[in-house]
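Hi,

Here is the structure I promised to pass on.

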Amino acid sequence: MIAVVDYKAGNLTSVMKSLRAVGADPTSTDDPATVLRSDKIILPGVGHFAATKFLEDRGLKAAIQERIAAGTPFLGICVGLQWLFAGSTEALETPGLAAFPETCARFTPGKKVPHVGWNSLSILPESRLFSGIGNNSFVYFTHSYRAPIANATIAVTEYGEPFTAAVERGNIMGVQFHPEKSGATGLQVLSNFLEWKPC
Amino acid sequence: MLTKRIIACLDVRAGRVVKGVQFVDIVDAGDPAELAARHAAAGADEIVFLDITATHESRGTLVDAVKRAAQQLFVPFTVGGGIRTADEAAAIFDAGADKISINSAALARPELIGEIGAKFGAQAVVVAIDARRSDSSGPADTAEVFVAGGRRPTGRRAVEWAREAEARGAGEVLLTSMDADGTRAGFDCELTAAVSEAVQIPVIASGGAGNAQHFTQVFREGKADAALAASIFHFGIADVRSLKEELRRDGIPVRLPC
């Protein structure tokens with residue numbers, strides 16, 4: 001069962017729809033018990049980092065932690081990627097999952113924020129999430145905060161400064177862009193995640 | 001590199017895409033879901049639905065059209081026209097829109113920008129501004145904002161209203177030059193630049209698109225982050241892909257292949 005975690009941030013409609021478009025039958029849930037029974041977990045999200053407090057309050061964070069430790073593939077989207085880090089300067093009182101030690105921060109001044117639109121990806125060749133996707137492919141972003149380059153960074157995008165467009169480490173993956181809004185490239189990313197099997 | 005966005009706009013009335021020709025006749029340009037999918041396949045970076053009737057009775061029809069179009073769209077999708085409350089916006093988001101565009105209602109009650117933003121995020125709120133210069137050669141930074149489909153002047157300057165919209169949490173500004181709209185003689189680059197330089201959020205230029213050169217001008221001189229056009233795409237006068245190929249030859253960063 002593919003669990004799409006509903007934490008009342010933005011709308012899930014488009015993520016659910018794009019997962020169905022690549023042949024999946026996802027379940028949206030805000031119930032930790034359902035997350036604990038899942039074989040794959042997707043954490044979508046647009047909006048404010050503080051919205052992730054819901055995950056902690058509802059016991060979803062603990063459930064996700066338990067599944068990740070058990071090897072369940074996890075994909076965070078947008079704020080869902082940022083949540084994999086220690087936290088964000090957008091809401092310092094709300095810690096992230098801290099799978100990666102860095103902290104997300106606002107884009108440095110001197111350009112338009114939010115970063116909105118189609119930008120290109122520099123992809124490391126060993127990536128599984130981007131298997132079959134050409135280097136410099138375009139995907140759709142909309143965000144004001146970004147994760148710095150980390151050890152787990154698998155794709156980098158430039159917007160005045162390089163930032164993390166995607167991470168992969170073991171069964172933990174995340175993308176800053178919106179695969180559900182990135183045309184055929186985005187659907188391929190989702191498909192790669194769904195087909196990926198823990199070894 | 002962040003590319004310049006080409007946005008295809010569909011004017012929807014009673015569930016059909018329509019287009020006024022020389023401001024009089026309304027020509028039926030087709031089914032909104034079908035046209036949205038066709039533009040996306042041709043490389044449009046975004047799709048906008050503008051409900052030009054925006055009456056209470058047409059609400060249900062619009063929500064239906066949004067729902068059908070969203071089923072087959074995997075690019076960003078904005079819906080505007082007559083949205084007055086956060087609840088009305090919520091119904092449009094539920095139907096599958098990624099962003100909503102508000103115009104008259106935001107001027108009447110600017111708090112609406114923050115209310116929708118608080119629930120759906122700033123990135124989901126586009127403030128649409130229809131502006132006209134006092135006369136077509138008047139200074140761009142004094143262009144006045146009009147509401148009610150361009151029929152009623154507000155006494156407010158476009159530049160100043162754009163700043164307020166940003167301060168209240170708008171994610172983007174969709175700026176239509178009423179002087180240029182429908183002329184196919186080019187965007188109002190001066191007006192676009194005046195607004196774009198006044199705010200930190202992206203500005204979408206609209207009104208006046210007739211050929212590829214106009215897009216190049218509004219990206220260069222107008223400092224636009226995105227440009228929107230409707231009629232030139234509908235009847236195959238310029239498809240998005242050939243437009244983008246021309247822009248790339250001009251050195252404008254665009255999403256290609258798409």
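This is a predicted model: local features need pLDDT of at least 70, side-chain atom pairs count only at pLDDT 80 or more; totals for chains, interfaces and linings use all residues.

Let me begin with helix 4 of chain A. Just after this helix, Gly71(A) takes a positive phi of about 100°. Helix 4 itself covers residues 60-69, and its buried residues are Leu60(A), Lys61(A), Ala63(A), Ile64(A) and Arg67(A). Those residues span an arc of only 160° around the axis, so they sit on the same side of helix 4 of chain A. And what lies over them?

The predictor gives the complex a pTM of 0.95 and an ipTM of 0.93. For chain B, the mean pLDDT is 90, and 94% of the residues reach 70 or more.

**Chain A as a whole**

Chain A holds 6 helices and 13 strands. Its C-alpha atoms fill a box of roughly 45 × 40 × 30 Å along the principal axes. A compact globule of 199 residues would have a radius of gyration near 16 Å, and chain A, at 15 Å, agrees with that. Of those 199 residues, 53% are buried. If you take the contacts in chain A with a separation of 6 or more, 67% of them are between residues 24 or more positions apart.

There is also an open sheet of 3 strands in chain A, with the order 5-6-10 and mixed pairing. Which strands are at its edges? Strand 5 (85-88) and strand 10 (145-146) of chain A are the edge strands, each pairing on one side only. Strand 6 (residues 100-106) of chain A runs antiparallel to strand 10 of chain A, and 2 bridges join them. If you want a spot to look at there, Ala105(A) stands opposite Arg146(A), which is in strand 10 of chain A.

**Chain B as a whole**

Chain B has 10 helices and 12 strands. The box filled by its C-alpha atoms is roughly 45 × 40 × 40 Å, again along the principal axes. Buried residues account for 52% of the 258 in chain B. Among its contacts between residues at least 6 apart in sequence, 64% join residues at least 24 apart.

**Helix 3 of chain B and Ile92(B)**

This is the part of chain B I would open next. Helix 3 of chain B has Ala89(B), Ile92(B) and Phe93(B) as its buried residues. Seen down the axis of helix 3 of chain B, they fall within an arc of 100°, so they line one face of the helix. Their cover includes helix 2 (59-71), strand 5 (77-80), strand 6 (99-102) and helix 5 (111-120) of chain B. Just after helix 3 of chain B, Gly96(B) takes a positive phi, here of about 120°.

Let me zoom in on one residue. Ile92(B) lies in helix 3 (residues 86-94) of chain B. Ile92(B) counts as buried because it has 24 C-beta neighbours inside 10 Å, and the cut-off for buried is 20 or more. Not counting residues up to four places away in sequence, Ile92(B) touches Val63(B), Val66(B), Val79(B), Ile83(B), Ala97(B) and Ile100(B). Gly80(B) is 12 residues from Ile92(B) in sequence, and their C-alpha atoms are 9.1 Å apart.

**Arg152(B)**

Leaving aside neighbours within four places in sequence, Arg152(B) is in contact with Phe146(B) and Val147(B). Arg152(B) and Ser104(B) are 48 residues apart in sequence, with 9.7 Å between their C-alpha atoms.

**Where the chains meet**

How many residues does each chain bring to the contact? Chain A brings 27 residues and chain B brings 24. On the side of chain B that touches chain A, 11 residues are nonpolar, 6 polar and 7 charged.

Cheers

How values were computed
Residues are numbered from 1 along each chain as its sequence is written. Chains are lettered from A and ligands numbered from 1 in the order in which they are written. A residue is buried if 20 or more other C-beta atoms lie within 10 Å of its own, exposed if 12 or fewer, and partly exposed in between; C-beta atoms are placed from the backbone. Helices (H or I, at least four residues) and strands (E, at least two) are DSSP runs, numbered from the N terminus. The arc is that of the directions from the helix axis to the C-beta atoms. The radius of gyration is taken over C-alpha atoms; the globule rule is 2.2 Å times the number of residues to the power 0.38. Two residues are in contact if their C-beta atoms, placed from the backbone, lie within 7 Å. pLDDT is the predictor's confidence in each residue, from 0 to 100. Ala, Val, Leu, Ile, Met, Phe, Trp, Tyr, Cys and Pro count as nonpolar, Asp, Glu, Lys and Arg as charged, and the others, Gly among them, as polar. Two strands pair if DSSP finds at least two bridges between them.
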